[in-house]
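Me: I am new to this structure and would like to go through it with you. Could you show it to me first?

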Amino acid sequence: MKKLILIMAILPTIVATAQNQEPIKYPVTNKGTVVDTYFDTAVSDPYRWLEDDRSDETATWVKAENEVTYGYLDKIPFRDALKARMEKLWNYEKIGSPSKEGNFTYFSKNNGLQNQSVVYRKDASGKEEVFLDPNTFSKDGTTSLGGLDFSKDGSKVAYAISEGGSDWRKVIIMDAVSKKIIEDTIVDVKFSGLSWRGNEGFYYSSYEKPKGSELSAKTDQHKLYFHKLGTAQKEDQVIFGADQKRRYVGGYVTEDDAYLVISAANSTYGNELYIKSLKTPDSPIVTIVDNFNSDNSVMETQGSTLFINTDLNAPNKRIVTVDFSNPSPANWVDFIPETQNVLTPSTGGGYFFANYMKDAVSVVQQYDYSGKMIREIQLPAVGSAGGFGGKLNDKTLYYSFTNYTTPGTIYSFDPKAGKSAVYSKPNVDFKSEEYESKQVFYTSKDGTKIPMIITYKKGLKLNGKNPTMLYGYGGFNVSLTPSFSIANAVWMENGGVYAVPNLRGGGEYGKKWHDAGTKMQKQNVFDDFIAAAEYLIAQKYTSTNFLAIRGGSNGGLLVGATMTQRPDLMKVALPAVGVMDMLRYHTFTAGAGWAYDYGTAQDSKEMFEYIKGYSPVQNVKAGTHYPATMVTTGDHDDRVVPAHSFKFAAELQEKQTGTNPTLIRIDVKAGHGAGKSVAASIQENVDIQAFTLYNMGFKALPKLK
């Protein structure tokens, strides 16, 4: 294709907003002539050139679109007031759960508006000091801490950093006692944990550096390495993945330092499982599971007994035991059997903790090593509990608790006595008692009952005029459980309703629920979301003119598909870092690993036609009145590359009819979301809410304190 030159011109079809401000002058996005053929069907891809993240033309386009977007946002009269309130509410101390490593206790803390949380430590006397401050990694706060792991005796530490939000990491090795860097930086690490073997070195995973753009080029052969202290990275030994091509490979050492556990997968669901004895030099890698038909992990060991968390023959998961000498599934014995609720287990303090999801909220039971249930742990309220993990000999464990109206609070837990106590309760300028959450069950298109939690200020009038944010995900076995958010608190302070349905494709009801929203059943997810919107309207929580839909990543696809299928249903659409070009998602970075959920356009003619039928980029139709839309993405997103959002925005700007604006907000030096600075997070949420309320017709904040 000939090199494209971006021509800065004015579209002949310009739009004016509902607030009667000046018409938006969009930049013209040049159209190429690329056409792909799938099973004798020609599909044009006029904006293929926007996939080149290294070109000057793409950079010019990004700059021009941001100028239009920020020019629009700057004119919203209450944007500054919204930011002031968001910053005030965000500005409270946040403390993470502590862990003991060597002679120190480590924990994270953010004083309120620091861009990145700081890692502190205390010695035995209680003296506190800064251990690691990610705010010093870069001047603009765009370099973040991406992982931290200590050697077995706590004397060494390896920590990963992410620059500009990229999934590519650098690993720095320090003497933990003196805080001095002791080796050269390990580079080009991706999708990796860090796990020490004793004090001699650690395991990590990565791909070969791709040819072409490291932000978008395909990466599909993951390898597990061992880095021995005192040696150069080029000497690091490949432990797994050199001869067996897998897209995702990870390794971790058991707490007793006796075994290396290896997981290998080609998709985001289903993994092979291997184990290797570290007691015997040159011991072989032993196969536990030799296929990708189930999710499996070794979560604990006791001598030669392995405790495995699995959904093999148990869609809601179970824990089984087996001896290392013959660990195949034929020899597995139930330790904590499957129940009707989905299990997420952990261990610590000499106990197992079974954290169950019951209609998307937590129920936690405690077991001993014989499999006997000791107690059900009394949680503070209905919501989400997480944690209960720790070392075998820990006398105190910690867990967090939150819901949509309760800021995340950390509790200490005595596993012997079963007693909880508040360890850290945030002081947030938000009156939780004035708000309530209600769980409802509504009916989707095919008759399936879907749960949804709706949160709002007490006394809400069901008059159809409440600004409502409908948030969804629906994929990859991800469960949306109740959690507090400052941004949502500000939304509700202003009279907003926040609604979260647990769509099929998620993990709230186990593997069957997940599978019901994958491949040729993906439309179920969109139908569930549409039905949620229709329920909110029918029950007069809101109406079309006051409804916004929002989602990120796979949730961005959800929003893109919903707004193209039912553009009449909502006033505002907010797709973030979305998978928008479903015909080509598998050609970028590790995207091919998402095929368990999506399938690919190359699988079969039937699959191609099904995917093309909902793919947002291919389903923007000329002459359609689409809702007011603000697409958001990051220019360094190397998980869902920004070209997805670029192409979708270009299609919308060309084909939108009517007065609703179509904008794209592109964060610079930002990725898929992890590690984003506090300042950037606040501004993004302010802009999203300001855009939403403004396009619902508000000229001032409805109920700002």
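Predicted model: local features only at pLDDT ≥ 70, side-chain atom pairs only at ≥ 80, totals over all residues.

Me: Why is Ala489 called buried?

Reply: Buried means under 20% relative accessible area. Ala489 has 0% relative accessibility, so Ala489 counts as buried.

Me: How far is Ala489 from Met86, in sequence and in space?

Reply: Ala489 and Met86 are 403 residues apart in sequence, while their C-alpha atoms are 9.0 Å apart in space.

Me: What makes H3 "mostly covered"?

Reply: The count does: 8 of the 8 residues of H3 are buried. Among them are Ile486, Trp491 and Glu493. The buried residues of H3 pack against H2, S33, S34, strand S35 (468-471), S36 and H10.

Me: Which residues meet where H2 and H10 touch?

Reply: From H2 come Arg79, Leu82, Lys83, Met86, Glu87 and Trp90. They meet residues of H10 including Val678, Ile682, Asn685, Val686 and Ala690. The residues of this contact of H2 with H10 divide into 7 nonpolar, 4 polar and 4 charged.

Me: Now to the charged pairs. How do you know that Lys647 forms a salt bridge with Asp45?

Reply: Side chains of opposite charge can pair when their charged atoms come close. The cut-off for a salt bridge is a nitrogen within 4 Å of a carboxyl oxygen. The closest N and O atoms of Lys647 and Asp45 are 3.1 Å apart, so the pair forms a salt bridge. This pair links distant parts of the chain, 602 residues apart: Lys647 is in helix H9 (residues 643-655), and Asp45 is in the loop between strand S2 (41-44) and helix H1 (56-74).

Me: Are the two partners, Lys647 and Asp45, buried or exposed?

Reply: The limit for buried is under 20%. Lys647 has a relative accessible area of 2%, so Lys647 is buried. Asp45, with 6%, is buried by that rule too.

Me: What makes Asp528 and Arg504 a salt bridge?

Reply: Their side chains meet at 2.8 Å, N to O, and the cut-off is 4 Å. Asp528 lies in helix H5 (residues 523-538) and Arg504 in the loop between strand S36 (497-501) and helix H4 (511-515), so the pair ties together parts that are 24 residues apart in sequence. Asp528 is buried at 0% relative accessible area, and Arg504 counts as buried at 5%.

Me: Which residues does Ser444 touch, not counting residues up to four places away in sequence?

Reply: Ser444 touches Ile450, Arg504, Asp527, Asp528 and Ala531. Both partners of the salt bridge between Asp528 and Arg504 are in that list. Ser444 is found in the loop between strand S33 (435-443) and strand S34 (449-457), and Ser444 is buried, with a relative accessible area of 5%.

Me: Why are Arg566 and Glu534 called partly exposed?

Reply: Arg566 has 23% relative accessibility, so Arg566 counts as partly exposed. Glu534, at 36%, counts as partly exposed as well. The side chains of Arg566 and Glu534 meet in a salt bridge of 3.0 Å, N to O.

Me: One last thing: what is the phi of Lys540?

Reply: Most residues other than glycine have a negative phi. The phi of Lys540 is near 65°, a positive value in a residue other than glycine. Lys540 is in the loop between H5 and strand S37 (547-552).

Note on methods: Residues numbered from 1 in each chain as written. Heavy atoms only, no water. Contact = heavy atoms within 4.5 Å. Helix = DSSP H or I, 4+ residues; strand = E, 2+ residues; numbered from the N terminus. Nonpolar A, V, L, I, M, F, W, Y, C, P; charged D, E, K, R; others polar. Buried < 20%, exposed > 50% of the residue type's maximum accessible area, 1.4 Å probe, protein only.
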